[in-house]
Amino acid sequence: MVRLNMSDVPTSWYVLLSLVAIFGVATWFLDKFSQKDNLKRITAICGVISMISLLYITFTTEGL
């Protein structure tokens, strides 16, 4: 089994990780402090898409 260093992961991995964090905080903020349900739903869906993409990149670059 080959282990990657953090410097070996692609740059898109870091971008997706940042997006997951941003969308997570935005969804939480909209849920607790806003009445904008449609915007909350959009940020949640974008967060899920970002997380699925992050998982895909993580598991496909594991064997490099």
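Residues are numbered from 1 along each chain as its sequence is written. Because the model is predicted, local features need pLDDT of at least 70 and side-chain atom pairs count only at pLDDT 80 or more, while totals for chains, interfaces and linings use all residues, and side-chain values use heavy atoms, with hydrogens and water left out.

Of its 64 residues, 22% are buried, meaning under 20% relative accessible area with a 1.4 Å probe, protein chains only.

Next select residues 11-33, helix α1, together with residues 37-60, helix α2; they pack at about 155 degrees with axes 8 Å apart (axes are lines fitted to C-alpha atoms over the stretch in contact, and angles run from 0 to 180 degrees between N-to-C directions). The two helices are therefore roughly antiparallel, the term for angles over 145 degrees.

Now show the side chains where α1 meets α2, including Phe23 and Leu30 in α1 and Cys46 and Met51 in α2; contact here means heavy atoms within 4.5 Å.

Finally, select Val9, Trp13, Leu16, Val20, Leu54 and Ile57, the six residues of the largest nonpolar core (buried Ala, Val, Leu, Ile, Met, Phe, Trp, Tyr and Cys residues joined through side-chain atoms within 4.5 Å). The largest share of this core, three residues, comes from α1. Centre on Leu16, which, leaving aside neighbours within four places in sequence, is in contact with Ser50, Ser53, Leu54 and Ile57.

How values were computed
Helix = DSSP H or I, 4+ residues; strand = E, 2+ residues; numbered from the N terminus. Parallel < 35°, antiparallel > 145°, perpendicular 65-115°, else oblique. Buried < 20%, exposed > 50% of the residue type's maximum accessible area, 1.4 Å probe, protein only.
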